[in-house]
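Please go through this model with me, one question at a time.

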Amino acid sequence: MRKVRLMIKNDRIVLGENILITGQDFDYLTKVMRSKIDDEIEIFNGNCGDFMSKVTKMAKKGLVLEVFKQIKTQELPSNICLAFAPVKNVKSQFIAQKATELNVSRVQPIITNHSVIDSINSSKLEISINEACEQCETNSIATLSPIIKLEDLLKSDGIVDKILILCDESNNGQKASEILPQILKNRSENQEVMIFIGPEGGFSAKEFEEFYKLENLTSISLGKRTLRADTAIISGLSLVGEFL
C-alpha cells in the first residue's frame, strides 16, 4: 500500500481520539490517494510529532481518522531563515518548497531596489511549504513572514542578534568552506541564521553599503559564475546546512 502522509490543521493530536477530515484534505485522500476504510494515514500538525491513524468512517463530504500510535516526536526548528527577493521568472512557491526541503524554519520575502515583484500570494506559499513537509517527512513546518522592504528589515528590532549571511554575487564574498565553520561554531542556542539572496540584477550598491555596516554580517561567495536566483538559493542553503 502506498504511504500517505498528511499535514492537518488541528491544534493537537491525541492518541485514541478521532479526527474529522473535510475539504481539500478529504478530496486529496479520497480522490487522489483513493483511501478507504482501514487504510493507515500518517498525520502531523507541526506541534505534536507524527502519528499513525486509521480510516474508520467515510461519508460524501468527510472521513474520520482514529489516532492509534505515535511514531515520531516533534522536531526542533532549525532556526534558519531564508530572506529572498521574489523574481519574475521563478515561482515563489517553488522557492518556498525547496527552502522547506533544505531545512529552513522561516521564509522571509523581501523587496529590494532591483525587485520587479513586490507582493506574494501567501496562501499559495503556505500550501507549498506544507506539501514539502509532507514529501520530505519533516514535522517542523516553516513559517512564512509578511513581505518587507530590505531597508526596513535591516533596521528592525532583533536584527543585530542574528547571524546574517549574505550571498554576495559581487565577488566580495569569502570562500564558504573557510568562513562558515568558524561563524557557525560560535552560534548560541536558538540563534537565528538569516541567509540573504538577491533578485534578478542583484542587490544595489546602496544595499551592499547598508549590509556591510552590520557587524554581525558575513558575506560568502557561491562561486565565480553569476547564478540564477533559484540556483543561488539552493546553493546557499546547502552550504549553510552542511556547515551547520
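Q: How far apart are the end C-alpha atoms of helix α3 (residues 122-136), and what span should its 15 residues have?

A: The model is predicted. At 1.5 Å a residue, with the expected span taken as 1.5 Å times one less than the number of residues, the 15 residues of α3 should span 21 Å. The end C-alpha atoms agree with this, being apart by 21 Å.

Q: Which residues of α3 are buried?

A: A residue counts as buried when its relative accessible area is under 20%. What covers such residues of α3 includes β1 (5-7), β3 (40-44), α2 (92-101), β7 (106-111) and β8 (143-144). The buried residues are L125, S128, I129, N130, A132, C133 and E134.

Q: At roughly what angle do the axes of α2 and α3 cross?

A: Two packed helices are described by the angle between their axes and the distance between the axes. The axes of α2 and α3 come within 8 Å. Their crossing is right-handed, and the angle is roughly 35°.

Q: How many nonpolar, polar and charged residues has the contact of α2 with α3?

A: From α2, the contact takes in S92, Q93, A96, Q97, T100 and E101. From α3 come K124, L125, S128, I129, A132, C133, Q135 and C136. By class these are 6 nonpolar, 6 polar and 2 charged residues.

Q: How many disulfides does the count come to?

A: A disulfide needs two cysteine sulfur atoms within 2.5 Å. For C48 the nearest cysteine sulfur is that of C133, 15 Å away. For C136 the nearest is also that of C133, 5.8 Å away. The count comes to 0 disulfides.

Note on methods:
Residues numbered from 1 in each chain as written. Predicted model: local features only at pLDDT ≥ 70, side-chain atom pairs only at ≥ 80, totals over all residues. Heavy atoms only, no water. Helix = DSSP H or I, 4+ residues; strand = E, 2+ residues; numbered from the N terminus. Buried < 20%, exposed > 50% of the residue type's maximum accessible area, 1.4 Å probe, protein only. Contact = heavy atoms within 4.5 Å. Axes fitted to C-alpha atoms, helices over the stretch in contact; angles between N-to-C directions. Left-handed = near helix turned anticlockwise from the far one by under 90°. Nonpolar A, V, L, I, M, F, W, Y, C, P; charged D, E, K, R; others polar.
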